[in-house]
Amino acid sequence: MAAFLPKKNTMHFHYLIIFLASFGLCFLLCAAEFPYFKQSVKADGSLSFLVIGDWGRKGFYNQTDVANQMGEIGEKLKIDFVISTGDNFYEDGLTGVNDPAFHDSFTNIYKAPSLQKTWYNVLGNHDYRGDVEAQLSPVLQEKDERWFCLKSYVLDADIVEFFFVDTTPFVDDYFTNPKESTYDWKGVLPREKYLNDLLKDLDLALRRSSAKWKMVIGHHTIKSAGHHGSITELADQLVPILEEHSVDFYINGHDHCLERIGSIDSKLEFLTSGGGSKAWRGDLKGWNPVELKFYYDGQGFISVELNQKEAEFVYYDVFGHVLHKFSVSKDSGVAKQ
């Protein structure tokens, strides 16, 4: 596989290319700092995938049951890949590349044939409590070829581009009031420069995009009626960029629920898929009913089917029952339930 490497961080990207080769992904040279990767679509130009978040608990808290239902739906839809919205390993990330939690919470749980596709991951705050570099390491891909994790990157799938964003460093509390937790901030400090560069690079990547659909993936909530509610640092700094570039969906985890919230003054929708294992039953805050389209305080996941004209989202519980579904027409921008 031919690939072009940026001049910066040459050694890091040397190992990164080894990491990517077995995925059949194409690493594209671009002006932005976000690395670009290519994901193929089906023969008819469509795409299907699952979204799961907040899952890594060694099978406990119904993680295995959710995984089994993902396998069933994945087979039915012939999914192309899986997106993870972060908090991949509880409670404190991985201790290193040889941490048995990688096998116990990932490889040995998501065993269904339909789930043997690439998993595109972002990091959550619990992942930052461990060895961050372990989750980014190509060694994990050698252990399980499905694993793909970087801090921020772009996935180009022709009709849609996914912009994966590292949201944990935005949250002030992790720096000013970490309590008993220790965070691995290697590569993040100085924080102000890291965030400024990230926002600049996201803005540039979105500006360059000509994809029919644009989806931004991050761990933390921007709009949520769940436990964490709105993360104001992201609402203030990220939302203006998303709205300026007509992003269709911001998809996150962090709150252990399934959720859909719209926007009164834009087409941007906020979708939460954080029900991969432990859920917070009854933990519901008030939200404007005009915006709150769906909320479920239990375990589950989301499926997405996408083509040039329409995107369909289906929310499933731990038993595989359909809880909510809607579709959006790209030409009209109208959502149908």
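Helices (H or I, at least four residues) and strands (E, at least two) are DSSP runs, numbered from the N terminus. The protein chain has 9 helices and 17 strands. The model is predicted; local features need pLDDT of at least 70, side-chain atom pairs count only at pLDDT 80 or more, and totals for chains, interfaces and linings use all residues. Residues are numbered from 1 along each chain as its sequence is written, and side-chain values use heavy atoms, with hydrogens and water left out.

Confidence is given as pLDDT, the predictor's confidence in each residue, from 0 to 100. The chain has a mean pLDDT of 91, and 90% of its residues reach 70 or more. Strand β3 (residues 47-52) has the highest mean, 99, and helix α1 (residues 10-21) the lowest, 42. The pLDDT is below 50 over residues 1-15. It also stays under 50 over residues 26-32. Where pLDDT is low, the predicted coordinates should not be read in detail.

Of the 337 residues in the chain, 60% are buried (buried means under 20% relative accessible area, exposed over 50%, partly exposed in between; 1.4 Å probe, protein chains only). A nonpolar core is a set of buried Ala, Val, Leu, Ile, Met, Phe, Trp, Tyr and Cys residues joined through side-chain atoms within 4.5 Å. The largest such core holds 62 residues; Met70, Tyr110, Leu202 and Leu242 touch the most other members. Helix α7 provides the largest share of this core, 7 residues. A second, separate core has 34 residues, including Ile83, Phe148, Leu258 and Leu306. Contact means heavy atoms within 4.5 Å. Beyond four places in sequence, the contacts of Tyr110 include Trp55, Met70, Trp119 and Arg146.

Backbone exceptions occur in several loops. Most residues other than glycine have a negative phi, and most peptide bonds are trans. The peptide bond from Leu189 to Pro190 is cis, with omega near 0°. Pro190 lies in the loop between α6 (173-176) and α7. A further cis bond joins Tyr90 and Glu91, with omega about -10°. Glu91 sits in the loop between β4 (81-84) and α3. Asp54, not a glycine, has a positive phi of about 55°. Asp54 belongs to the loop between β3 and α2 and is buried, with a relative accessible area of 0%. Tyr61 has a positive phi near 55°. Tyr61 is found in the loop between β3 and α2 and is partly exposed, at 46% relative accessibility.
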